[in-house]
Amino acid sequence: MNRRDFIKKATMAAAGAAVVSPVSAMLNNVTGETKFKVLLINGSPRTDGNTFCCLKEIEATLQKHGVESEIVQIGRKPVRMCINCGGCRQNNGAGCAFDDDMCSVIAEKMKESDALIVGTPVYYGQPNGGILSLMQRLFYSTGHLVQNKPAAALAVCRRGGATATLQTMNMMFEMMNMPVVTSQYWNIAYGAGKGEVKLDTEGMQTMRTLATNMAFLLKKIHADGNPTPQRDEFPAFMNFIR
Ligand SMILES: Cc1cc2nc3c(=O)[nH]c(=O)nc-3n(C[C@H](O)[C@H](O)[C@H](O)COP(=O)(O)O)c2cc1C
């Protein structure tokens, strides 16, 4: 593919967001009240570890606010990294060329979700490798499914590196037009052994506040039935090496 074709295809992919209809519009319940769904991803290979505990706390609070959620585990099976093959740029947004791991499962679930929260353990001061690989492929191949949807990351660590981890995660949301949801403190909780994080009472409260803020924002931005800003410019795409 030449440079001009690449730019055209990348621009079309980015602009795809504009034609995605709000999922929530399809989820009206019998009372006419709009239902929202938040997808919660556990990036830890420990499916019942500390990151999971944080997501459970968030789930319970979302439920209190009448917001649906689903926790998806990336688990212990290998997650492929993006190999920059360009396959996803040639299939009209159908997704990553690899469809043999959790990335395609999560992309499918993202279609039915109005927002995204990703939990990661801190490994060497960064998100763990599996979740980074998954997020990079998910966002590169199916960015139109996450565009404009509110998002948050949370990080769990034994001792240090959580703020750098959060920054890495937020970098992805911030270039996909995703409103980043915050809390009373950075979305961090502390624990080492499984379940220990529940002893971090401030951390747990931070998770509940995050969930409350997420529910509040979702309801507000959908209130007039138009959760996507009208943008009158096509996204530019200009490499610095020309
Ligand atoms: C490979 C590896 C690297 C880690 N690096 C850090 C680190 O840099 N800072 C830290 O505070 N904890 C670190 N930890 C501890 C985990 O972040 C901590 O145990 C966390 O609670 C795990 O979450 P989980 O139970 O959801 O998997 C590391 C753990 C592993 C396995």
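Contact here means heavy atoms within 4.5 Å. Helices (H or I, at least four residues) and strands (E, at least two) are DSSP runs, numbered from the N terminus. This is a predicted model, in which local features need pLDDT of at least 70, side-chain atom pairs count only at pLDDT 80 or more, and totals for chains, interfaces and linings use all residues. Residues are numbered from 1 along each chain as its sequence is written, and side-chain values use heavy atoms, with hydrogens and water left out.

**Whole chain**

Colour by secondary structure. The protein has six helices and six strands, and from the N terminus on they run α-β-α-β-α-β-β-α-β-α-β-α. Among contacts with a separation of 6 or more, 78% are between residues 24 or more positions apart. Of the 242 residues, 44% are buried (buried means under 20% relative accessible area, exposed over 50%, partly exposed in between, with a 1.4 Å probe and protein chains only).

**Helix 2 and helix 6**

Select residues 50-64 and 201-222, which are helix 2 and helix 6. Their axes come within 8 Å and cross at roughly 40 degrees. Axes are lines fitted to C-alpha atoms, for helices over the stretch in contact, and angles run from 0 to 180 degrees between N-to-C directions. Helix 2 and helix 6 are therefore oblique to each other (angles under 35 degrees count as roughly parallel, over 145 as roughly antiparallel, 65 to 115 as roughly perpendicular and the rest as oblique). Their crossing is right-handed; a crossing is left-handed if the near helix is turned anticlockwise from the far one by less than a right angle, and right-handed if clockwise.

Now show side chains at this contact. From helix 2 come C54, E57, I58, T61 and L62, and they meet M204, M207, R208, L210, A211, T212, M214 and A215 of helix 6. By class, this contact has nine nonpolar, two polar and two charged residues. Ala, Val, Leu, Ile, Met, Phe, Trp, Tyr, Cys and Pro count as nonpolar, Asp, Glu, Lys and Arg as charged, and the others, Gly among them, as polar.

Stay on helix 6 and pick T206. Is T206 buried or exposed? T206 is buried, with a relative accessible area of 1%. Leaving aside neighbours within four places in sequence, T206 is in contact with S183, Q184, Y185, W186 and N187.

**Helix 3 and helix 4**

Select 102-110 for helix 3 and 129-142 for helix 4. These two helices pack at an angle of about 55 degrees, with their axes 10 Å apart. Helix 3 and helix 4 are therefore oblique to each other, and helix 3 passes helix 4 in a right-handed crossing. On the helix 3 side the contact uses M102, C103, I106 and A107; on the helix 4 side, L134, R137, L138 and T142. The classes here are six nonpolar, one polar and one charged.

**The nonpolar cores**

A nonpolar core is a set of buried Ala, Val, Leu, Ile, Met, Phe, Trp, Tyr and Cys residues joined through side-chain atoms within 4.5 Å. The largest such core has 32 residues; select I106, L116, V118, M135, F139, F173 and M178, which touch the most other members. Strand 1 (37-42), helix 3, strand 3 (115-123), helix 4, strand 5 (151-157) and helix 5 (162-174) each supply at least two residues of this core. Helix 4 gives the most, with six residues.

Centre on F139. Not counting residues up to four places away in sequence, F139 touches L116, V146, M172, F173, M176 and M178. Another core, of 25 residues, lies apart from this one and includes L40, I71, M214 and L218.

**Exposed loop positions**

K77 is exposed, with a relative accessible area of 70%. Draw a distance from K77 to D101, 24 residues apart along the chain: their C-alpha atoms are separated by 7.9 Å.

In the loop between strand 2 and helix 3, select N84 as well. N84 is not a glycine, yet has a positive phi of about 55 degrees; N84 is exposed at 58% relative accessible area. N92 also belongs to the loop between strand 2 and helix 3. Its phi is positive too, near 55 degrees, and at 79% relative accessibility N92 counts as exposed.

Finish at R159, in the loop between strand 5 and helix 5. R159 is exposed, with a relative accessible area of 66%. The C-alpha atoms of R159 and A189, 30 residues apart along the chain, are separated by 9.7 Å.
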